[in-house]
Amino acid sequence: MRTQVGIIGAGPAGLLLARLLKIQGIDSVILEQRDRAYVESRIRAGVLEQGTATQLRDAGVAERLDREGLVHEGVEIAAGERHFRIDFQELTGKTVVVYGQTEVCKDLIAARLAGDGPIVWNAADVAVHDIDGNRPRLTYRCDGQDHDLVCDFVAGCDGFHGVSRQSMPADLLRTFERVYPFGWLGILADVPPCSHELIYARHERGFALASMRSPTRSRYYIQCSLDERLEAWPDARIWEELQRRLGRAAAARMVTGPSIEKSIAPLRSFVSTPMQSGRLFLAGDASHIVPPTGAKGLNLAISDVHYLQRALVAWYKTGAADLLERYSETALARVWKAERFSWWMTGLLHRLHDETSFEAQMQIAELDYIASSRAAQTALAENYVGLPY
């Protein structure tokens, strides 16, 4: 089989890249290790930067996003019983949209299968070959048969554990990592949110986040140790802890109910450089991971796609290779800024030390400064709504 761009991974990065290329008349084939039902049920991020929403509109897949997405003009930050609001609209003129990554993938898959090109589900044993030549190849196994896909370029959009980064020359890669000594215990429930905007809470017992997926579906998180077991956290205990950490006002508005999903996720910051070698280009979690505190993971994947599709379109339309050659440098400039913001938000809001420690007092002082400084609030808002491409 032959195509112009071989894409590994049917997550938001791979799906959006394929969609944007098709609009420009460039064909692709997507190889996905899992089946469609699995991809469309993965519970992931839910806050879209304004630039991400614009990209989805440009791709023609935002009808449901614009109808069902919740536009947020700010967030609330809580420190004990003290609450203050960061007004995105006033400070930056921008907003964010709450719309689940699961829904983004459903929209992109529907567009793809409506005529954009194939998705090979259950593609096993994917391997990348000949990335230093003009005709890289992808081999894989599906339905008991071996297949060979010849491409002009390969886009590795298959996540942290995928084959793409592992296919980069080992002597070329350099990685940077921070593993955090705690995780997030998340609960999803079909109950109305306790606030119409997100609440980020720093509490002496640990961080908490009140979020949502819709007006009737809530997503909450609490900081927990990495050795916690879900069995030790029945729903009632989670709700009680959320009410304690989010404060009296949020607790009074909180509607509790049975969970429809619970999970514990470790937190890490990770960057692998460069993001390209020969004709293999990495995008999204294949190259970088951020802690979810700054709501940057999905949005970074979309910004990578912006730079990569622009470079590929330039190559196919004009033969110019300069954007392809600079892809890694260009994408990483934005990646590192998002990594910094996510690392800073994580350090600001999580329990890292005893409350009597110097570090804990610095967190409190930093929050006091943000609460009283328009300049500090503007810096937070600019990063949260998304830095320009």
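Trainee: How many bridges join strand 1 to strand 2, and do they run parallel or antiparallel?

Mentor: First, this is a predicted model, where local features need pLDDT of at least 70 and side-chain atom pairs count only at pLDDT 80 or more, while totals for chains, interfaces and linings use all residues. Residues are numbered from 1 along each chain as its sequence is written, and side-chain values use heavy atoms, leaving out hydrogens and water. Helices (H or I, at least four residues) and strands (E, at least two) are DSSP runs numbered from the N terminus, and two strands pair if DSSP finds at least two bridges between them. Here, strand 1 (residues 5-8) and strand 2 are parallel and joined by four bridges. I7 stands opposite I30 in strand 2.

Trainee: Which residues of strand 2 are buried on each side?

Mentor: Buried means under 20% relative accessible area, exposed over 50%, and partly exposed in between (1.4 Å probe, protein chains only). In strand 2 (residues 28-31), S28 and I30 are buried on one side, V29 and L31 on the other. Strand 2 also runs parallel to strand 8 (residues 119-120), with two bridges, and L31 has V120 as its bridge partner there.

Trainee: Which helix gives the largest share of the lining of the largest cavity?

Mentor: Helix 12 (residues 327-349) does, with three residues.
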